[in-house]
Amino acid sequence: MVMMLSPEDQNRVLAVLGPTNTGKTHFAVERMLAHKSGLIGFPLRLLAREVYDRIVGLCGAEKVALVTGEEKIQPKTARYWVATVEAMPEDLDVDFLAVDEIQLAADRERGHVFTDRLLRARGGAETMFLGADTVRPLLKRLVPEAEVITRPRFSTLSYAEPSKVTRLPKRSAVVAFTARDVYAFAELIRRQRGGAAVVLGSLSPRTRNAQVALYQEGEVDYLVATDAIGMGLNMDLTHVALASIVKFDGREMRELTPPEIGQIAGRAGRHMRDGTFGTTIDVGDLDPRLIEAVETHHFPAIKELRWRHADLDFSNLDRLLESLDQPPPFACLRKTGNALDHVSLKTLSRKDRVQRRARDHASIELLWSVCQIPDFRKTLTDSHLLLLETVFDHLSERHCLPTDWVADQIARLERVEGDIDALTTRLAHIRTWTYMTHRSDWLEDPAHWQERARHVEDRLSDALHERLTQRFVDRRTQILLRSLQEGGPLGAVEADGAVMIEGQEVGRIEGLVPVLGGHKVENGEIERRAVNAAARRVIGPELQRRVKALIASSDKSFSLDNAGRILWRQEGDQAGNADSPPVGRLRPGATPLAPRLEALVSDQLSGDVREAVRRRLSVWLDAYLADLTAPLRDLQAAELDGAARGIAFLLVEGLGNVSVMDVDAQLKSLSKASRTRLAKLGVRFGVRHLFLSSMLKARAIELRARLWAVQQSIPDLTPPPLGRVALEKITFPEGYASAIGFEEHGRHALRIDIVERLAAVLRRASKEGATFELSPSMMALTGLGREDLRHVVISLGYTADDQGVFRRKTQRSRRRAQKKIKEDRDLSASPFAALRDLCFTTGTA
């Protein structure tokens, strides 16, 4: 051991005590560097490495050594040594010696090592013990010459009310006590807040440092950890939330002690920045007395320290076990009986094979060294005991481990596939091998195997860090959130309307309406909100640009589709294509000719902007309807007498045609002048219909179909093909044929002007009771085949025999048929029928 001096030879012993964030470690390092040489022991390998790197930066690598169970860097010119407490060299003569976290002398498993350093390790000029104030009474009793300095905390630590995990402030740590709970909270935070770094005691230092770096560098705003953060990890934490106040300590479930809670809570607040602590909502409020103790850093003093006899007897196994079971010299010390090395020795010493090999001082000391091989899984399973036995066998036989066996054992662990648990298990195994490779006397080429084990550990550590990050950190969402906060570039809107965020399509702008979603969201609500917020920021300028372009567009840029939507093509594109975006929609109005216009505009735009869009679309719609329905509007505006006005009203209502039977009374009272007036307005008087021939043109029929579909709220009703005069009746909605200027006959509907022409041809052919056959000219007129035309002719009041010879039905039969048609029409009378009769009676419309 280092400078084992008698009490009279000891120089200054200083105990620097206080809560977390008091600068104790910084003070100790400064004191060590003020001496020509020094050694400082830390409770954690990663903390030792952190301080080693800091001192290297101050003094240079050639002056600093690092000694841990798994890593040794020992320059020949080293003056300052940084080590874990267990690995503190026993053959150094240094001016300064320090031990950090000395209160760990009370720990059940490791406490005896810290107690041994407290009692026996001294520097030549100065010795320093750092730790919590709870160890003061026992420290003064065991080291009465120690001068105690109390350092106050730099910042204030205060209690905050319980909170849901998803409502915790940024820069918070959630502390749980099982890996399962840590992973569950990290998953919850990833889904709701974008991600969290994860710290567990089972992680390798490299993985743990990488996870801490995620947090420290601001890639995530939350940390989920076990109580491993309570010691040695210096982070910029604002708040610490305990997700439980109960833990399994290796033997039983128990509540955390007030000093343990204080140690964990004390991680909040860095240097002069204040911090808060509390619990999650499921835990509830802490006891007010406990809160006061944590805030004031006043905890009950430690009552006993762990101890184990250091002067071991290796003469035989029984005496070694007896020396380990020696009672402590002071009442305030308690013998450690469950340390891993001691338990392993007890188990192996009962094996006959081990007893046969461990018969002299050297072999028993070797067995004790083998039992000190750590099990980083902390399970003391049979596999670990088998490893110890195998190592002892090899070393007993040949004084070094077989190269082939070592190579095979390490190679088995060099697999980076698998999940988090698989990688964690392999890391625990390789860390054990890393420890063994630093026992230089056990290997033929220790430097090679140290490098080999470190390489495998690094690969597994990096793979585990990657898995943890993939599972618990949504990097894409974090980047988006940071860009949103900083106003940086987020994405763009492509020429085809695709909204691209971080290279992924997250939606489209259809006309003037953004449609977000449909993209793959793996990380829950926080990602969806971040992506949508980023998309809205990108979409805003593009919507403004489109509005300006739409208002300035010519009428040729707009068109109406079969669903009653107004489509818009930007300048340079051809209007009316199937992929033209909709910017408006027609809704049922007072009449088919007066549909209600609804502009399809994003709510992101202001009311004034939306109204400007609606006005522009309204101007186009009025012009569009005026162009195609001009004959109807002229008829509607004409000055006509009573009967003619009634006929005009029904023609407008019928979108350009009306059955003779529906205006029979008006026709009988229609004057010759009124008939002439109607004819000049484009009305054609047929035997079966009155109609406006201009409303039977292809574009007019198309418009009639669309306006009627809008009025009837029938979406996507396809107008008849342009130029077709006969349509097969498959699924015509009721009233559709008449609305588009067709009349149903048999299995088909014919355009009414064709019906009139066909009826005239048939009347001539059947004049004075003559019979006739269907002619090619009849088929050419209707565009129907012989069989289909046969059904139409029969529907028009003719009979046919088996040879295809037609004759006109008798007058009596025709009257019965007309009467039946009239009755059917009355049953499905238009809602305007009463108004029509009123117009005829009063002469007004």
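User: At what angle do helix α6 and helix α16 pack?
Analyst: This is a predicted model. Two packed helices are described by the angle between their axes and the distance between the axes. Here α6 spans residues 205–216 and α16 spans residues 446–472. Their axes lie 8 Å apart, and the angle is about 35°.

User: How do the residues of the contact of α6 with α16 divide into nonpolar, polar and charged?
Analyst: From α6 come P205, R206, T207, A210, Q211 and L214. From α16 come E457, D458, S461, D462, L464, H465, L468 and T469. The division is five nonpolar, five polar and four charged.

User: Is C400 buried or partly exposed?
Analyst: Buried means under 20% relative accessible area. C59 has 21%, so C59 is partly exposed. C400 has 11%, so C400 is buried.

User: How many disulfides does the structure hold?
Analyst: A disulfide is a covalent bond between the sulfur atoms of two cysteines. The cut-off for such a sulfur pair is 2.5 Å. The count for the structure is zero.

User: What share of the contacts with a separation of 6 or more comes from residues 24 or more positions apart?
Analyst: The protein has 30 helices and 34 strands. Of its 845 residues, 50% are buried. Among contacts with a separation of 6 or more, residues 24 or more positions apart account for 67%.

Methods:
Residues numbered from 1 in each chain as written. Predicted model: local features only at pLDDT ≥ 70, side-chain atom pairs only at ≥ 80, totals over all residues. Heavy atoms only, no water. Buried < 20%, exposed > 50% of the residue type's maximum accessible area, 1.4 Å probe, protein only. Axes fitted to C-alpha atoms, helices over the stretch in contact; angles between N-to-C directions. Helix = DSSP H or I, 4+ residues; strand = E, 2+ residues; numbered from the N terminus. Contact = heavy atoms within 4.5 Å. Nonpolar A, V, L, I, M, F, W, Y, C, P; charged D, E, K, R; others polar.
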